Amino acid sequence: EDSRAAVCTVIGFPLGYSTSLVKFREAEVALADGALELDLVMNISALKSGQAARVQAEIQDLADLAHVHDALLKVIIETALLDAAEIEQACGLCAAAGADYVKTSTGFASRGASVADIELLRRVLPETIRIKAAGGIRTRAAAEALVAAGADRIGSSNSLALIADDENPTV
């Protein structure tokens with residue numbers, strides 16, 4: 001209750017293939033249960049199948065829902081499964097749909113965040129959209145390199161001994 005930590009859950013985990021209706025209902029329940037942040041797994045299959053409008057509509061519906069509840073929407077695009085052009089396209093869809101963050105990974109792909117991914121995301125995303133580097137971050141040095149490349153937050157299941165100040169928490 002008195003923690004600075006926000007309650008967050010993942011929607012469409014682990015592969016993002018749930019229907020939009022299922023994801024929307026999952027998000028409604030999470031928000032009603034107190035979630036303040038939603039991590040939406042983007043439907044990569046739909047993106048790769050040329051269904052960009054479907055992907056954008058799903059992100060926008062969930063961004064609108066999150067924002068009505070004063071919550072954040074982070075969209076996990078699973079950078080390990082996308083080429084540079086697809087990453088740029090996914091970022092454009094996230095920006096157009098009103099996402100608050102783009103996140104690199106669920107941790108289930110062949111690799112997690114890379115400095116190159118973060119540099120690409122920062123280059124193509126508007127400054128208003130933040131970046132969360134996640135997946136495979138096991139050392140403080142790796143986390144610091146990702147922050148230097150443009151990540152606003154780090155997601156790691158490892159203790160990285162990062163000390164964040166109250167004004168700029170990165171972990």
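**Helix 5 and its packing**

I began with helix 5 and asked what its buried residues pack against. They pack against helix 4, strand 4, strand 5 (130-134) and helix 6 (140-149). I note here that this is a predicted model. Helix 5 covers residues 115-124. Its buried residues are D117, I118, L120, L121 and R122.

Next I looked up I87, which lies in helix 4 (residues 84-97). Is I87 buried or exposed? I87 counts as buried because its relative accessibility is 3%, and the cut-off for buried is under 20%. I then listed its contacts, leaving out residues up to four places away in sequence. I87 touches I77, T79, L82, D117, L120 and L121. I87 and I77 are 10 residues apart in sequence, and their C-alpha atoms are 7.6 Å apart.

**The largest nonpolar core**

I moved on to the largest nonpolar core, which has 45 residues. Which members touch the most others? They are L38, M42, I59, L73, V75, I77 and L121. I looked up which element gives the most to this core, and found helix 3 (residues 52-68), with seven residues. Nonpolar side chains tend to be buried together in soluble globular proteins.

I took V75 for a closer look. Residues up to four places away in sequence are again not counted. V75 touches L40, M42, I59, C94, A99, Y101, V102 and K103. M42 and I59, like V75, are among the members of the core that touch the most others.

**Salt bridges**

How many salt bridges does the structure hold? I noted 11. Side chains of opposite charge can pair when their charged atoms come close.

I looked up E58 and K23. They form a salt bridge, with the closest N and O atoms 2.7 Å apart. The pair links distant parts of the chain: E58 is in helix 3 and K23 in helix 1 (residues 20-32), 35 residues apart. I checked the accessibility of each partner. E58 is buried because its relative accessible area is 5%. K23 counts as buried because its relative accessibility is 0%.

An α-helix has 3.6 residues a turn, so residues three or four places apart point the same way. E28 counts as partly exposed, at 30% relative accessibility.

I then turned to D39 and K103. Their side chains meet in a salt bridge at 2.6 Å, N to O. This pair also links distant parts of the chain, with D39 in strand 2 (residues 37-41) and K103 in strand 4 (residues 101-103), 64 residues apart. D39 and K103 are both buried.

K74 gave me another entry. K74 lies over the face of Y101, at 6.0 Å from the ring centre. Y101 is also one of the contacts of V75.

**Cysteines**

I looked for disulfides and the count came to zero. C91 is in no disulfide, and the nearest cysteine sulfur, that of C94, is 6.3 Å away. C91 is buried, with a relative accessible area of 1%. C94 is buried as well, at 0%.

**The aromatic pair**

Last, I looked up aromatic rings. The structure holds one aromatic pair. The rings of F13 and F108 have centres 4.9 Å apart and planes at 85°, so the pair is edge-to-face. Where do the two residues lie? F13 is in the loop between strand 1 (8-11) and helix 1, and F108 is in the loop between strand 4 and helix 5. The pair therefore ties together parts that are 95 residues apart in sequence. F13 counts as partly exposed, at 43% relative accessibility. F108 counts as exposed, at 56%.

Technical notes: Residues numbered from 1 in each chain as written. Predicted model: local features only at pLDDT ≥ 70, side-chain atom pairs only at ≥ 80, totals over all residues. Heavy atoms only, no water. Core = buried A, V, L, I, M, F, W, Y, C linked by side-chain atoms within 4.5 Å. Buried < 20%, exposed > 50% of the residue type's maximum accessible area, 1.4 Å probe, protein only. Helix = DSSP H or I, 4+ residues; strand = E, 2+ residues; numbered from the N terminus. Contact = heavy atoms within 4.5 Å. Salt bridge = Lys/Arg side-chain N within 4 Å of Asp/Glu carboxyl O. Disulfide = S-S within 2.5 Å. Phe/Tyr/Trp six-rings, centres within 6.5 Å; stacked < 30°, edge-to-face > 60°. Lys NZ or Arg CZ within 6 Å of the ring centre and 35° of its normal.
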